[in-house]
Structures are given as C-alpha cells and as structure tokens.
Amino acid sequence: MTQPSSPPPLLVPTALAFIAGYADAVTFVGAGGIFCAHVTGNFVVLAADLARRANADEWLKLSTFPIFVLAVFLATHLHRRVGSSARLLLLLEAVAFGVASAVPLVVQGTAAHRVVVVLAVIAMGIHNAMHRVAPSLGPMTTVMTGNVTQWFVEKVIPGAPENAGKHRSLGFIILAFALGCLGGAFGVQQLGFAALLAPMGLALLVRSRLHDAG
C-alpha cells in the first residue's frame, strides 16, 4: 500500500491564513465588531465603544480574551497529554465552526451572536495554539502585522538565497488572509453565521491532507 503524498508546500499555511481572515471578518461584521482571531484588537474596540457610552453588552469584547487564553491552554494541554498531531486540533477547530454555524437554528437574537462569538474564539484559540505546538505548519497565520512587516523588510533587504522560497510563501499567506477577510465579510452578509461552514470545511480539507505535523 503506497503512502499518501505530502501536501503541497503552500496548501496548509495559505488555507489556515484564509480561515483566520475569514473567521475574523465573520464575527466582526456579523457580531457587532468583535475579532475572534486578533482578540487583543478587541481591547481597542472596547475602549472606543466605552468612550462612546456603549452599553453593557460591549463587555463581550473583553471576555473574548480569557476565552481565547483558555482555548489555547486546553489545546496545548491536550496536545501534550495525547501526543496528537495537528490533525486532532484541526478536527476540534472544525467542530467549533460547525456548531457555531448551527447556533442561529436554535438560539435567536443577540444571544445567538454571543454563543457564535464564544465558539469562534475557541476555534481560533485552537488555531493559534496549533501553530505553536506544530511549527512545521509554517509561520503564524493570524498575526499578519508581523508577517507583513517581515515581507516588506525582506523585500528591501533580501535574506539568504535559500530563503527566497519562504519569502514568496509569506506573500501568499498574507494574500490568503486578505482574501479570507473579503470572503468572510461578504459571506456573513449573504448567509449569516451559516457562512462559518466554509472554514469548517476548509479545516477538514487541510486535515485530510496533513499526515504528520507536530
């Protein structure tokens, strides 16, 4: 029986970057300006909302941080205890997105928004932890500020010739994140939170192509 071929070099990191941008845009557009991937950005949004005398519901933005941290902790602990590859974490991330997409079917109004945000933040906490416990997945796909800075610095001051491929890959990762943001924003406008079925499916696709990471 032949072994399955390795995934294309750019498939995994570009897909993960698309997922991160997509999920962030879905919650920001669909849940009143809340980031699920760049959760520290919620501190800025919360401060702005409070300065404009926002209501108590805005504190959901602040609660995303401990939820995110807890998801990172549990995902890392699970990885250490089970000795799993990134495939298990991708499965859990996909499940979180899938459940989030179905929430409006059973919960209505602002309560649905809150539950979706919590599930999306959990998914992206797992996503972030996965990069740390499985560095073979490539560069972080949610921290685009650092990636953009690195790409432009290396454009001006090129690195070693053998790193040219990594520089090109980083450019594709940044582009995938941007396209994910567009897809998530338009997706949630047209489909509501059912749009989260897309990152669920993509996470499962990546998992099916990932044989041993982490």
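## Leu50 and its setting

L50 lies in helix α2. The model discussed here is predicted. With a relative accessibility of 35%, L50 is classed as partly exposed, because that class covers the range between the buried limit of 20% and the exposed limit of 50%.

## The nonpolar surface patch

Two helices, α2 (41–51) and α3 (59–82), each contribute at least two residues to the nonpolar patch. The largest contribution comes from α3, which supplies four residues.

## Packing of helices α1 and α5

Helix α1 spans residues 11–30, and helix α5 spans residues 109–133. The two helices pack against each other with their axes 11 Å apart, at an angle of about 155 degrees. Angles over 145 degrees count as roughly antiparallel, and α1 and α5 are therefore described as roughly antiparallel to each other. The crossing of α1 past α5 is left-handed.

## Leu119 in helix α5

Helix α5 also contains L119. The relative accessible area of L119 is 17%, so this residue is buried; the cut-off for that class is under 20%.

L119 can also be placed relative to V103. The two residues are separated by 16 residues in sequence, and the distance between their C-alpha atoms is 9.6 Å.

Definitions and conventions:
Residues numbered from 1 in each chain as written. Predicted model: local features only at pLDDT ≥ 70, side-chain atom pairs only at ≥ 80, totals over all residues. Heavy atoms only, no water. Buried < 20%, exposed > 50% of the residue type's maximum accessible area, 1.4 Å probe, protein only. Axes fitted to C-alpha atoms, helices over the stretch in contact; angles between N-to-C directions. Parallel < 35°, antiparallel > 145°, perpendicular 65-115°, else oblique. Left-handed = near helix turned anticlockwise from the far one by under 90°.
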